[in-house]
Amino acid sequence: MKGNSEIIDALNGLLAAELAAMDQYFIHAEMYADMGLNKLHERIAHEFDDEKGHAKQLIERILFLEGKPDIHTRTPVRIGQDVEEMLTNDLQLEYEVGDALKAAIALCERERDFQTRTVLMPLLTDTEQDHAYWLEQQLRLIKLVGRENYLTAQM
Ligand SMILES: [Fe+2]
Ligand SMILES: [Fe+2]
């Protein structure tokens, strides 16, 4: 089905962010494994899978709308130097993805593409209620129990 080009462009913009999130979680998951922080490794490796799922949904939808998925472009990937910076950079990325999703959902409503809106809503739920929420919790826990105690619990 021939899709609206503005919506296809917005979907490609979202794809660039999901691919960047995939890359960032991929490297952060390996860094946690290397540090011996196995709980963080497992959680972030799972986020990597979620982002891959999001990218897949976007690619499927772009193809359905007869667009061309852009798999070369990435929004900036920010690798952290320590655990707090890794969590903070991941949270920043989730906030940016959330804002981009909301803008794309608003565009879908304006253009009356309700089916694309339906595809995007679960991505927003994962982004806000799962990924960002969990990252906010971790940063709060570090403040609450101290970095050493937090890291001990992640081994
Ligand atoms: Fe995502
Ligand atoms: Fe995410």
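Guide: Helices are DSSP runs of H or I with at least four residues, strands are runs of E with at least two, and both are numbered from the N terminus. This is a predicted model, in which local features need pLDDT of at least 70, side-chain atom pairs count only at pLDDT 80 or more, and totals for chains, interfaces and linings use all residues. Residues are numbered from 1 along each chain as its sequence is written, chains are lettered from A and ligands numbered from 1 in the order written, and side-chain values use heavy atoms, without hydrogens and water.

Visitor: OK. Which residues line the largest cavity?

Guide: The lining is made of Glu18, Ala21, Glu51, His54, Leu93, Glu94, Val97, Thr127 and His131. A cavity here is a set of points on a 1 Å grid over the protein atoms alone where a 1.4 Å probe fits but cannot get out, and lining residues have an atom within 4 Å of a point.

Visitor: Which helix gives the most to that lining?

Guide: H3, with three residues. At least two residues each come from helix H1 (5-35), helix H2 (38-64), helix H3 (83-110) and helix H4 (114-145).

Visitor: Are Glu51 and Glu94 buried or exposed?

Guide: Both are buried. Buried means under 20% relative accessible area, exposed over 50%, and partly exposed in between, using a 1.4 Å probe and protein chains only.

Visitor: New topic. Where is Tyr150?

Guide: Tyr150 sits in helix H5, residues 147-153. Its relative accessible area is 3%, so Tyr150 counts as buried.

Visitor: What does Tyr150 touch?

Guide: Leaving out residues up to four places away in sequence, Tyr150 touches Leu40, Val83, Leu87, Gln138, Leu141, Ile142 and Val145. Contact means heavy atoms within 4.5 Å.

Visitor: How far apart are Tyr150 and Glu30?

Guide: They are 120 residues apart in sequence and 19 Å apart in space, C-alpha to C-alpha.

Key
On a 1 Å grid over the protein atoms alone, a cavity is a set of points where a 1.4 Å probe fits but cannot get out, and a pocket is an open set with protein on both sides within 12 Å along at least five of seven lines; lining residues have an atom within 4 Å of a point.
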